[in-house]
Amino acid sequence: MITLTDFLLVGALLFCTGMYMIVSKRNSIQVLIGIELMLNAAILNLVAFGKYDKLNNGGQVFALFAIVLAAATTAVALAIVLNVYRRYKTIDPDEIKNLRD
Amino acid sequence: MTLMRVLFYLMSFIAVGSALYAALSKNLVRSIFIFFVTLFALAGLYVIALADFVAVTQVVIYVGGILVLILFAFMLSGRETLNVIEQHKGKFINMAKVPAVILAALFLAVIVNIILKADADNLPWVKQAIAQKNETTPISSTIDNIGVNLMTTYLLPFEAISVLLLMALVGAAHLSRKEGRA
């Protein structure tokens, strides 16, 4: 049988990969993919622990909530990325240094 | 070595490998498309963790919704986004990436250490759940239970999330309209 620790280790690997993407990438869209990876690692942990809560389904229900929240986050983030591109003609997070005025 | 275990190793290898490829690839398009593979492999892992409904939701929302959104953002932001990546071509080791690698590796070491110390399989409440038969088994159907719980126990978070989705919808539409009439 697959133990909880196996799932947690896979989640940790994915989380660190996502963290590396967020810190190192020079492109907002790849930073966004990194955030999605970290969220997925957290969802994997929720689901793995949710196996031991058959009556209330806490883990699975909150995994569903996290997926929906990720969708909302992505929609807003991509609208912001498009706006930034329209203004600066680049989406490199390092290049965007000005406030509105 | 049961079939379940083989499948688990296969799925987790695909997930971690494709995530690493997405992280290390210099090409944005490849990075996006290989992320599809990561998400599918993660859906497989959810099935192995006996959460089939979450797996289906993952495929529908992540692969069908979020990735298409990301592709749209990539296509709408034009060719200049690719030029950023081209600048550092040729260098084998990019010095700017070293701090990120160190940070991720140290964080991984800390997390793995904590997971091994925490010994999640012998937690008191997990043992109790197994003893009280509160554990999901491969033959038990969970979807009807999720539906009932969503409308009873978790009704307040459910409503809160619906309001938040509405806010995100309005906010995204507001942010992405043309400038000048603000």
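The following dialogue examines how the descriptions of this predicted two-chain model rest on its computed values.

Student: Which helices of chain A mark the lowest and the highest confidence?

Tutor: Confidence in chain A is lowest in helix H3 (residues 58-88), at a mean of 89, and highest in helix H1 (residues 4-24), at 93.

Student: What makes the secondary structure of chain B helical?

Tutor: Chain B comes to eight helices and zero strands. From the N terminus on, its elements run α-α-α-α-α-α-α-α. Buried residues make up 21% of the 182 residues in chain B.

Student: How do you know that chain B touches chain A, and which helix of chain B gives the most to that side?

Tutor: The criterion for a contact is C-beta atoms within 7 Å. By that criterion, 73 residues of chain B are in contact with 64 residues of chain A. H3(B) gives the most, with 13 residues. By class, this side of chain B has 52 nonpolar, 16 polar and five charged residues.

Student: Why are H3(A) and H8(B) called roughly parallel?

Tutor: Their axes come within 9 Å and cross at roughly 10°. Angles under 35 degrees count as roughly parallel, so H3(A) is roughly parallel to H8(B). H3(A) passes H8(B) in a left-handed crossing.

Student: Which residues make the contact of H3(A) with H8(B), and how do they divide by class?

Tutor: From H3(A) the contributors include Phe65(A), Val68(A), Ala72(A) and Asn83(A). From H8(B) they include Pro157(B), Ile161(B), Gly171(B) and Leu175(B). The residues of this contact divide into 14 nonpolar, two polar and no charged. Gly counts as polar under the classification used, and Gly171(B) is one of the residues in the contact.

Student: Why are H1(A) and H5(B) described as roughly antiparallel?

Tutor: The two helices pack at an angle of about 160°, with their axes 9 Å apart. Angles over 145 degrees count as roughly antiparallel, and H1(A) and H5(B) are therefore roughly antiparallel to each other. Their crossing is right-handed.

Student: What makes up the contact of H1(A) with H5(B)?

Tutor: H1(A) contributes residues including Thr5(A), Leu8(A), Phe15(A), Met19(A) and Ser24(A). H5(B) contributes, among them, Ala100(B), Phe107(B), Ile111(B) and Ile115(B). The contact divides into 18 nonpolar, two polar and no charged residues.

Student: Is Thr137(B) buried or exposed, and how do you know?

Tutor: Thr137(B) has 10 C-beta neighbours inside 10 Å. The cut-off for an exposed residue is 12 or fewer, so Thr137(B) counts as exposed. Thr137(B) is found in the loop between H6 and H7 of chain B.

Student: How far apart are Thr137(B) and Tyr9(B), in sequence and in space?

Tutor: Thr137(B) and Tyr9(B) are 128 residues apart in sequence and 20 Å apart in space, C-alpha to C-alpha.

Student: What share of the contacts in chain B with a separation of 6 or more comes from residues 24 or more positions apart?

Tutor: Such residues account for 49% of those contacts.

Methods
Residues numbered from 1 in each chain as written. Chains lettered and ligands numbered in written order. Predicted model: local features only at pLDDT ≥ 70, side-chain atom pairs only at ≥ 80, totals over all residues. pLDDT = per-residue confidence, 0-100. Helix = DSSP H or I, 4+ residues; strand = E, 2+ residues; numbered from the N terminus. Contact = placed C-beta atoms within 7 Å. Buried ≥ 20, exposed ≤ 12 C-beta atoms within 10 Å, placed from the backbone. Axes fitted to C-alpha atoms, helices over the stretch in contact; angles between N-to-C directions. Parallel < 35°, antiparallel > 145°, perpendicular 65-115°, else oblique. Left-handed = near helix turned anticlockwise from the far one by under 90°.
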